[in-house]
Amino acid sequence: MANIVVACGSGVATSETVVSLIKGFFEDHNISGVNVEATDFKGLAGVLPNYDIYVWIAKPTKEIQDICDREGIVDVNGVNILTGNNSDDSYKKILWTLQKMTM
């Protein structure tokens, strides 16, 4: 099972909105076996290594980006998903990562 975490600097409520949008996308495209969760940005550094994909609303800090780079976690622009602008780019990156994981 793939694990996706969504985190936002302004709190979990915005992250939960993006989680709902991603889950809706997966349902619409019959994609299963993916766990999508929201977390508080303050605790992200401690839990990030448990995830395969990090969807960010606030651009990653150096610490978070370093964790992504070190652990091989793909980071995805969640602002696109939240606003609907260029959301296809973000979904394509998520799908590409999931496909790569199954190979």
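Predicted model: local features only at pLDDT ≥ 70, side-chain atom pairs only at ≥ 80, totals over all residues.

Trainee: What is the mean pLDDT of the chain?

Mentor: The mean is 91, and 95% of the residues reach 70 or more; pLDDT is the predictor's confidence in each residue, from 0 to 100.

Trainee: Which elements have the lowest and the highest mean pLDDT?

Mentor: Strand E1 (residues 2–8) has the lowest, 89, and helix H3 (residues 62–71) the highest, 96. Helices (H or I, at least four residues) and strands (E, at least two) are DSSP runs, numbered from the N terminus.

Trainee: On to H5. How many residues does H5 have, and what span does it reach?

Mentor: H5 has 16 residues and reaches 23 Å from its first C-alpha to its last, close to the 22 Å expected at 1.5 Å a residue. That expected span is 1.5 Å times one less than the number of residues.

Trainee: Which residues of H5 are buried?

Mentor: Ser87, Ser90, Tyr91, Ile94, Thr97 and Leu98 are buried in H5. They cover an arc of only 125° around the axis, which puts them on the same side of H5; the arc is that of the directions from the helix axis to the C-beta atoms. The face turned away from the buried side carries the exposed residues Asp88 and Lys92. Buried means under 20% relative accessible area, exposed over 50%, and partly exposed in between (1.4 Å probe, protein chains only).

Trainee: What does Ser87 touch, sequence neighbours aside?

Mentor: Not counting residues up to four places away in sequence, Ser87 touches Asn80 and Ile81, where contact means heavy atoms within 4.5 Å. Ser87 has a relative accessible area of 15%. Asn80, in helix H4 (residues 78–83), is also buried, at 15%.

Trainee: Changing topic: how many aromatic pairs does a search of the whole structure find?

Mentor: The search finds two. Phe25 and Tyr91 form a stacked pair, 3.9 Å centre to centre with 5° between the planes. Phe25 lies in helix H1 (residues 12–28) and Tyr91 in H5, so the pair ties together parts that are 66 residues apart in sequence. Rings of Phe, Tyr and Trp (its six-membered ring) pair if their centres lie within 6.5 Å; planes under 30 degrees apart count as stacked, over 60 as edge-to-face and the rest as tilted.

Trainee: Which residues form the aromatic cluster?

Mentor: Phe25, Phe26 and Tyr91 form one cluster.

Trainee: And which members of the largest nonpolar core touch the most others?

Mentor: Of its 20 residues, these are Ile4, Val6, Ile22, Phe26, Val36, Val55 and Ile94. The largest share, five residues, comes from H1. A nonpolar core is a set of buried Ala, Val, Leu, Ile, Met, Phe, Trp, Tyr and Cys residues joined through side-chain atoms within 4.5 Å.

Trainee: Which residues does the second core include?

Mentor: That separate core of 12 residues includes Leu48, Tyr51, Trp56 and Cys68.

Trainee: Is Val5 buried or exposed?

Mentor: Val5, found in strand E1, is buried, with a relative accessible area of 0%. Its contacts beyond four places in sequence include Leu48 and Tyr51.

Note on methods. Residues numbered from 1 in each chain as written. Heavy atoms only, no water.
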